[in-house]
Amino acid sequence: MIKPFEKPIYVTRPFLPPLEKFCQGLQEIWETRWLTNNGPILQRFTQELCNFFETDNVCLFNNGTLALQIALQGMGISGEVITTPYTFVATTHALFWNKIRPVFVDIEPEYYTLDPEKVEAAITPWTTAILAVHVYGYPCKLNALADIARRHNLKLIYDAAHAFGVKVGIKSIAHFGDLGMFSFHATKLFHSLEGGMLIFQEAGLKGIFDYLKNFGFKNEVEVVMPGTNAKMNEMQALMGIQVLKYLEEIIHKRAMITNLYRQHLKEVPGIRLVPSLSPDIRYNHAYMPIEVDEQEFGMSRDTLYEKLKEYNVYTRRYFHPLVCDYACYRNVSVNDPLTVARRVADCILTLPIYDGLELSDVEAICEIIQHLQHETLREPIVNFATSRE
Ligand code: T4K
């Protein structure tokens, strides 16, 4: 008999720096009384990120959704954009707010990122860009997408909300494509309470993004474009600066958790793990997705999700339903059958992973999953077709 956890285990918990350190930072804010609007801490945070990513083309926002929305607006993207339905809904919302038609195409089955062949097949004269997602922090098919974008003269934009800290070879994932958006939401391994960042190739975009996030103000009396309010404030920047110091530790602990899950779950019938990543990828362990094969595991993903709750384990079905199946996007016509995306959305489950999760808790979660699987073997299989005879 396995006992439920005494306290709930959530899919994630934010990393928090030592409270006294944060309070020291707050003292500075109290002294300057500068709370937002390009304050000194935001400037420091921006500079730290410029150093971290070795570029000046960095712009910070109050959240990732508005960052992406402003990216599309500032880059003048219009018409149709080819994108994935297997993502958090904010990816598509950013298109919607720019009056851009999302063209949903399928994902590849290994790491759930956009399938380049499907992208190429969906290009029309109205296509202006590809909006791909490094879902769970797994890099997209970078070369194939870059090649398509170049040949068809399309902008290549990455929603890298999950991908902070990911590298391909010695190159940060931020430097692929024309632009990448990173979310600094509390549920991300690197966060600033809420926040977002754009990193881009074209230096000229910085001025435009700075206008757009601050109502379009050029100076006190000139508004040069219809901007919005998407500024990061000083508390957010303070949290960002402090969390950044622990990035390596956070990723290291998460890597240990991933390894433990993989070790314990790799031979559980009906559980599929993503293949090992190529050794040149430095993964950030943002999420721990598993696929649940109902036949082989003996219970559906949804039943497992519910059963785990009975043990006080709160997994999530990121990303189910597909974005195109939400009521607000059901009227968008989809030509691609989305065979892979539909299958994955129906069987995916993301397990708890965060730096504060004890390794013994990871082992216990695996034990519960194994136990539930064994339990299904003990249950009599009722064949309704024959039992009615
Ligand atoms: N593109 C992609 C691909 C994204 O995944 C996202 C956001 C975006 C764009 C947009 O970026 P932002 O505008 O958010 O910067 C969460 C996050 O709110 C969202 O940022 C994230 N993706 C998405 C995948 O997940 P929920 O509604 O599932 O979060 P919630 O509140 O249920 O939190 C999950 C668990 O985390 C809770 O059960 C407990 C724990 N938690 C959460 C918060 C907020 C804490 O322990 N403390 C906390 O403060 O959306």
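User: In this predicted model, why is Glu291 called buried?

Analyst: Glu291 has a relative accessible area of 4%. Buried means under 20%. So Glu291 counts as buried.

User: What makes Arg272 and Glu291 a salt bridge?

Analyst: Their closest N and O atoms are 2.6 Å apart. The cut-off is within 4 Å, so the pair qualifies. The two residues link distant parts of the chain. Arg272 sits in strand β13 (residues 271-272) and Glu291 in strand β15 (residues 289-292), 19 residues apart.

User: Is Arg272 buried, exposed or partly exposed, and how do you know?

Analyst: Arg272 has a relative accessible area of 27%. Buried stops under 20% and exposed starts over 50%. Arg272 is therefore partly exposed.

User: What makes Arg301 and Asp302 a salt bridge?

Analyst: The closest N and O atoms of Arg301 and Asp302 are 2.6 Å apart. That is within 4 Å, so the pair is a salt bridge. Arg301 is buried at 2% relative accessibility. Asp302 is partly exposed, at 33%.

User: How do you know that Asp147 and Arg151 form a salt bridge?

Analyst: From N to O, the distance is 3.1 Å. The limit is 4 Å, so the side chains of Asp147 and Arg151 pass. The two residues are four apart in helix α6 (residues 142-151), which means a separation of about one helical turn. Asp147 is partly exposed at 29%. Arg151 is also partly exposed, at 43%.

User: Which residues are linked with Asp147 and Arg151 in a network of salt bridges?

Analyst: Glu120 and Arg150 belong to that network, together with Asp147 and Arg151. The structure holds 15 salt bridges.

User: Why does Asp115 have no salt bridge?

Analyst: The nearest side chain of opposite charge is Lys118, 5.3 Å away. Asp115 lies in the loop between β4 (101-104) and α5 (116-121). Asp115 touches Asp106, Ile107 and Glu108, not counting residues up to four places away in sequence.

User: What makes Asn37 stand out in its backbone?

Analyst: Asn37 has a positive phi of about 60°, although it is not a glycine. Asn37 lies in the loop between α1 (19-32) and α2 (40-53). At 40% relative accessibility, Asn37 counts as partly exposed.

User: Why is Leu338 called buried?

Analyst: The relative accessible area of Leu338 is 0%. The cut-off is under 20%, so Leu338 is buried. Leu338 also has a positive phi, near 55°, and is not a glycine. Leu338 is found in the loop between β16 and α12.

Conventions. Residues are numbered from 1 along each chain as its sequence is written. This is a predicted model: local features need pLDDT of at least 70, side-chain atom pairs count only at pLDDT 80 or more; totals for chains, interfaces and linings use all residues. Side-chain values use heavy atoms; hydrogens and water are left out. Buried means under 20% relative accessible area, exposed over 50%, partly exposed in between (1.4 Å probe, protein chains only). Lys and Arg count as positive and Asp and Glu as negative; His and the chain ends are not counted. Contact means heavy atoms within 4.5 Å.
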